[in-house]
Amino acid sequence: MGGNDYRLEGIGDTLETKYLKRDVYAYASNDSLFLNCFHQKLGPWYALALCQGEFLVYRAAITTPYAWMGGAVGGAIAAGNRQLYVLSLRTGNTRPLNKEYVIARLEDRGMTELLSAYTAEGQQDSVEVLLRYVELLNADLAAGAGGSGP
């Protein structure tokens, strides 16, 4: 049925696959964090967090009618559709990651210098630029330079 890129399997009787699929919110392994997309209503299984901090960016399946068709055709169509999402650990909300989201978060936090640098970027919607500015936002927040935002 399509789904996301990482699937966790149960280990015998001690950890059931159903529990991993429905109840676990995230799974950490070494320096990697995998988010359960089921809880974000973005299909089954897990996506790798691409950065760390208050805002977690990940690439997940786009929920389409094709994902629920089942079979090889529905699964292949759904598996090919991926989009960047961001999970705010402060609010628990997941939103598509796009330039409007980045601009709003920089404005919310009063990060005018970073906002000016972002708006001067040539390709604000590119994956690399979006991810770089979320990482910069996370770094500023971690350093305590979060501006006047909540």
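Ground rule for my notes: I call two strands paired if DSSP finds at least two bridges between them. Helices (H or I, at least four residues) and strands (E, at least two) are DSSP runs, numbered from the N terminus.

I'm looking at a predicted model, where local features need pLDDT of at least 70, side-chain atom pairs count only at pLDDT 80 or more, and totals for chains, interfaces and linings use all residues. Residues are numbered from 1 along each chain as its sequence is written, and side-chain values use heavy atoms, with hydrogens and water left out.

Entry 1, overall layout. I looked up the secondary structure and got 5 helices and 6 strands. Reading from the N terminus, I noted the order α-β-β-β-β-α-β-β-α-α-α.

I found an open sheet of 3 strands, order 1-2-3, with antiparallel pairing. Strand 1 (26–29) and strand 3 (46–48) are its edges, each pairing on one side only.

Strand 2 covers residues 32–36 and pairs with strand 1 in the antiparallel sense over 4 bridges. I looked for the partner of A28 in strand 2, and it is L33.

Of the 150 residues, 37% are buried (under 20% relative accessible area, 1.4 Å probe, protein chains only). Among contacts (heavy atoms within 4.5 Å) with a separation of 6 or more, 48% join residues 24 or more positions apart.

How values were computed
Buried < 20%, exposed > 50% of the residue type's maximum accessible area, 1.4 Å probe, protein only.
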